Structure formats: structure tokens, C-alpha cells
Amino acid sequence: MNELMVIGLYALLAGAAVGALGVGALRLVRHRSILAHIAVLLAVTIASVTAGVTAVAQAMFLSAHDLQVVLVTVAASAALSLAVGVAFARRLAQAAVWADQARQRERQLEAGRRELVAWVSHDLRTPLAGLRAMAEALEDRVVDEPAAVAEYHRRIRVETDRMTRLVDDLFELSRITAGALRPALSPVPLGDVVSDAIAATAPLAADRRVRVLAPETGWPTVRAAEAELARVVTNLLVNSVRYTPPDGTVRIDAGRDDADAWLAVSDTCGGIPEADLPRVFDVAFRGTRARTPAPAGADEAAPAGGGLGLAIVRGLVEAHGGRVHAHNVTGGCRFVVRLPAV
């Protein structure tokens with residue numbers, strides 16, 4: 001019994017010495033990844049076992065050959081244990097990273113939803129208040145001159161169209177976020193879609209004195225759903241025209257490289273703040289210049305929304321298997337869409 005206690009004491013002392021070193025190693029890697037922590041723990045455990053076995057073997061006066069046999073056996077077991085432990089540690093670390101990213105993404109989405117509800121409520125409340133005031137004025141015959149009555153009717157129609165477009169954007173965004181959007185892909189000539197989008201944007205561009213330029217030839221053919229692609233191009237054009245100052249220029253180009261076709265919309269808006277670039281495609285993000293609705297009579301041809309236009313662009317492009325990004329260029333910014341080419 002005394003011999004067993006001595007053996008245990010030797011093993012305990014050797015393991016404690018290695019454990020103390022392991023505590024120091026863990027302090028050194030405290031800011032590293034989970035994988036590094038688990039690897040250090042495994043190494044400390046294996047080193048403690050090895051140190052204990054060596055100490056006990058020396059105390060028992062084992063021969064050099066017997067000690068080598070014991071150490072080879074421990075080393076083989078340690079290598080296998082370390083390999084299995086690191087493999088599972090890597091999976092655990094990846095799961096932890098994915099869980100953290102999922103939590104961060106969920107928090108961002110929740111914050112986006114709150115901002116969206118707040119901004120959309122504001123964008124709906126303002127025209128609704130105006131509609132009610134104009135309707136009451138017409139009902140009470142406060143306004144009875146034909147010209148004023150016609151203007152009130154026109155304003156009611158404009159505000160109704162504005163809210164209709166906002167509701168349409170919300171419905172489209174809900175389809176995208178729910179994963180219910182399944183575009184029917186077919187070969188679509190990009191030049192035809194761009195031509196229609198320019199024609200639809202022409203009244204807004206003329207009102208703001210913005211030139212929209214596009215080449216006549218060189219347009220590739222892409223695999224896309226024509227209606228969704230038309231909305232992507234129109235949203236990008238409207239966004240650029242709205243933010244380009246009078247007498248500015250918006251240019252749309254396209255081309256093809258490798259298996260992708262690209263479409264670029266460039267403007268002279270002066271650029272986007274670098275801090276806002278990663279967020280321009282987020283739901284409800286409109287930057288500092290567009291957080292309040294445009295005043296009556298301004299940009300009536302432009303789709304109104306709670307910062308949904310570019311978010312819808314990203315959703316539609318990704319539903320087509322493409323990607324979109326924005327970056328600043330000299331005097332403005334440039335939005336680039338990449339889609340599978342035919």
C-alpha cells in the first residue's frame with residue numbers, strides 16, 4: 001500500500017508541474033480561438049500523463065528498454081488522442097463561429113426590422129394625413145374653385161400612387177426574405193431591359209435635369225427573369241437619378257467577362273460615405289439625406305419607399321445567382337451587378 005501511495009505521489013507531482021505550465025500557456029492563448037484553447041488543453045493532458053508515467057518509471061528503476069516501450073505506447077496513444085481531439089475541436093470552433101455569426105445576423109435583422117417599421121410608419125402617416133386633410137377640404141367645400149379642386153384631386157392621386165408603390169415594395173421584399181421568390185430564368189437581351197428602364201426613368205431625369213447616358217450596342221444576353229431584371233435596372237437608375245444633383249450625369253454600361261455578364265450604373269452624386277458603403281443594400285437604410293419623405297411636389301415620378309429599393313435589388317440579383325456591390329468613383333459612385341451570361 002505504501003508503494004502505491006509513493007507511485008501516486010510521484011505521478012501527482014509530475015502532473016502538477018506540467019499542469020502549472022499549462023495554466024501559463026492557457027493565459028497566453030486567452031485571446032485566441034476555441035481551437036487553440038482545446039489544443040492546449042489536450043497537449044497539457046497528454047504531457048501530464050507522459051510526465052507521470054516517466055516519473056513513476058524512473059522511481060521503479062525500469063530498464064531503458066522498458067522505459068522506451070512505455071513511452072512509445074504513451075506517444076502512440078497521445079498522437080491518436082491529439083488528432084481526434086483537434087478534429088472535434090475544429091468542428092466545435094466552427095459551430096461556435098457559425099452560432100455567433102447567426103446571433104449577430106439575427107440582431108442586425110431585428111434592428112433592421114425595427115427601423116423599417118418606424119420609417120415605413122412615418123412614410124405612410126405623412127401622406128395619409130395629407131390625404132385626409134384634402135378629402136375633408138373637398139367634403140366641406142372649403143375648396144370650390146375648379147383649378148384648386150383639380151389640384152387637390154391630382155395630389156390625392158399622387159399620394160395614393162406613392163403609397164401603392166411602397167406597399168408593392170414591402171410585398172416584394174417579404175417574398176425575397178421568405179425565400180418564396182423563384183424567378184423563371186430565360187435568355188434576356190440586357191439592352192432591351194435597359195432601354196425600357198431608361199424610358200421609365202426619363203420623366204424623373206428630365207424633372208431633375210439629369211442626363212442618362214447609355215451605349216447603343218455591346219449589350220450582352222443574360223439568364224434572368226425579365227420582370228425581375230427590369231425592376232433591378234429601374235431601381236438602380238431611379239436611385240442614381242434621385243441622388244445626382246441637377247445637371248449631373250448617370251451612365252449605364254454593360255459587358256461580359258468569363259461566364260458572367262455585368263451591368264454598371266455610375267452617377268455624379270459626389271460619392272457615398274465610406275462608413276455607409278457596406279450598408280447601402282440593407283433593408284431600411286437610406287442614409288442621412290433621405291430619412292424624411294420628399295416634400296410635396298418633389299420627385300413625384302420616383303418610387304417612394306422606406307429605403308427598400310436597393311435591398312430589393314440585392315434580393316432579386318441573389319435570387320438569380322448573381323451579386324451586386326457598390327463603390328465610389330471620381331465624383332460619384334458606381335453600382336455593379338453581375339449575372340450569369342448566356
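Guide: Gladly! Let us begin with Phe 335, which counts as buried because its relative accessibility is 1%, and buried means under 20%. Please keep in mind that this is a predicted model.

Visitor: Which residue does Phe 335 form an aromatic pair with, and what makes the pair edge-to-face?

Guide: The partner is Phe 281, with 6.0 Å from centre to centre and 90° between the planes. A search of the whole structure finds one aromatic pair.

Visitor: Where in the chain do Phe 281 and Phe 335 sit?

Guide: Phe 281 is in the loop between strand 5 (260–266) and helix 7 (309–319), while Phe 335 is in strand 7 (residues 332–340). They are 54 residues apart, and the pair links distant parts of the chain.

Visitor: Why is Phe 281 called buried?

Guide: Its relative accessibility is 7%, and the cut-off is under 20%, so Phe 281 counts as buried.

Visitor: What about Asp 260: why is that residue called partly exposed?

Guide: Asp 260, in strand 5, has a relative accessible area of 22%. Partly exposed lies between the buried limit of 20% and the exposed limit of 50%, so Asp 260 belongs there. Its C-alpha atom is separated by 9.8 Å from that of Val 337, 77 residues apart along the chain.

Visitor: How do you know that the length of helix 6 agrees with what a helix should span?

Guide: Helix 6 (residues 226–243) has 18 residues, and at 1.5 Å a residue they should span 26 Å. The end C-alpha atoms are 26 Å apart, so the two agree. Among the buried residues of helix 6 are Glu 228, Leu 229 and Val 232.

Visitor: Why does Leu 13 count as exposed?

Guide: Leu 13, in helix 1 (residues 2–28), has 53% relative accessibility. Exposed means over 50%, so Leu 13 qualifies. Together with Leu 9 and Leu 12, Leu 13 makes a nonpolar surface patch of about 320 Å².

Visitor: What is noted about the phi of Arg 141, and is this residue buried or exposed?

Guide: Arg 141 has a positive phi of about 60° although it is not a glycine. This arginine is found in the loop between helix 3 (64–139) and helix 4 (146–177). At 69% relative accessibility, against a cut-off of over 50%, Arg 141 counts as exposed.

Methods
Residues numbered from 1 in each chain as written. Predicted model: local features only at pLDDT ≥ 70, side-chain atom pairs only at ≥ 80, totals over all residues. Heavy atoms only, no water. Helix = DSSP H or I, 4+ residues; strand = E, 2+ residues; numbered from the N terminus. Expected span 1.5 Å × (residues − 1). Buried < 20%, exposed > 50% of the residue type's maximum accessible area, 1.4 Å probe, protein only. Patch = residues over 30% accessible without salt bridge, like charges linked within 9 Å, V, L, I, M, F, W, Y side chains within 5 Å. Areas by Shrake-Rupley, 256 points an atom, 1.4 Å probe, with all protein chains shown as cover. Salt bridge = Lys/Arg side-chain N within 4 Å of Asp/Glu carboxyl O. Phe/Tyr/Trp six-rings, centres within 6.5 Å; stacked < 30°, edge-to-face > 60°.
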